[in-house]
Number of protein chains: 2
Amino acid sequence: MDYTTILSALAEPNRLQIVELLRMGPLTVGEIADHLHIRQPQASKHLRVLFKAGMVEFSVEANRRIYNLRSEPFKALDLWLKKYRDIWEEKFDNLDRYLHDLQQRENKRNEN
Amino acid sequence: MDYTTILSALAEPNRLQIVELLRMGPLTVGEIADHLHIRQPQASKHLRVLFKAGMVEFSVEANRRIYNLRSEPFKALDLWLKKYRDIWEEKFDNLDRYLHDLQQRENKRNEN
DNA sequence: CCGAAGTATTCCTTGACGGGAATATTCTTA
DNA sequence: TAAGAATATTCCCGTCAAGGAATACTTCGG
């Protein structure tokens, strides 16, 4: 499961809201549809996308399905984000990076 | 700038790769196009999307534009992700959440 | 066994998005 | 000032995703 799958699953506003909702605890399809003020089929479709992205799981309770968040995608996102920590913690701030790169560029020019 | 803007900017494979590239340091449009084996106009378009999402900035160097990552969106993503730490650190694992919710549901049923 | 509740699936339509190609813009240099 | 390099923009086209509406499927209660 690659990152773009997870990211595009989350990029849709309704699906992002579904994930936010499920953060509070498991919910059925109908409950989700109600909270988001969308129709049941749309809720099912969005949940299908989230499921295929590995972001939710569900358990069958009679004729209801109780959806729940899965932890793996969040771990994965956090792992990916960690690679950028040097940048957003500004150990190297953007000016540093820019100046350093300018120097690189200058060196390369002098080689020719 | 909301989360879905950032997420959909990252959801496109080429744009995700651009971000990964810029993690190593600033690059010009042409360099980015070369690395990704895409044509210059497409690189420009993707950079435009990333720019409007606040993910990159650029400095003008003669007739070149040197693009660089911005830290804010990454901070924002990390902040958002933090809300889910209870889940992916499995302090409450999914089974716990499920059982707890089942109890809730049971209580609600008995009220009627 | 029948009807109703809860959910999934299908079909259709529309809008947004990405790539290709051509062109416009800006800056440098000779 | 003309040519060329680097980049942005526009137009066209094909594809895909999301919503609406209708329908199928499953399970429970009477």
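Q: Which helices and strands each supply at least two residues of the surface near DNA strand D?
A: From chain A, helix 4 (40–52). From chain B, helix 3 (29–36), helix 4 (40–52) and strand 3 (64–69). Helices (H or I, at least four residues) and strands (E, at least two) are DSSP runs, numbered from the N terminus. "Near" is a C-beta atom, placed from the backbone, within 6 Å of the molecule or strand.

Q: What should I know about the model and the numbering?
A: This is a predicted model: local features need pLDDT of at least 70, side-chain atom pairs count only at pLDDT 80 or more, and totals for chains, interfaces and linings use all residues. Residues are numbered from 1 along each chain as its sequence is written, while chains are lettered from A and ligands numbered from 1 in the order in which they are written.

Q: Back to DNA strand D. Which element gives the most to that surface?
A: Helix 4 of chain B, with six residues.

Q: How many residues surround DNA strand D, and which are the closest?
A: 20 residues surround DNA strand D. The closest are Thr28(B), Val29(B), Gly30(B), Pro41(B) and Ser44(B).

Q: And what classes are they?
A: Six nonpolar, eight polar and six charged. Ala, Val, Leu, Ile, Met, Phe, Trp, Tyr, Cys and Pro count as nonpolar, Asp, Glu, Lys and Arg as charged, and the others, Gly among them, as polar.

Q: Which residues are the closest to DNA strand C?
A: Thr28(A), Val29(A), Gly30(A), Pro41(A) and Ser44(A), out of 20 that surround DNA strand C. Helix 4 of chain A gives the largest share of that surface, six residues.

Q: How many residues are in contact between the chains?
A: 30 residues of chain B with 30 of chain A. Contact is C-beta atoms, placed from the backbone, within 7 Å. On the chain B side, helix 1 of chain B has the largest share, six residues. That side divides into 15 nonpolar, eight polar and seven charged residues.

Q: New topic. How many bridges join strand 2 of chain A to strand 3 of chain A?
A: Six, and the strands run antiparallel. Pairing takes at least two DSSP bridges. Val56(A) has Leu69(A) as its bridge partner.

Q: Which residue in that hairpin takes a positive phi?
A: Ala62(A), near 60°. The hairpin has two residues between the strands.

Key:
Two residues are in contact if their C-beta atoms, placed from the backbone, lie within 7 Å.
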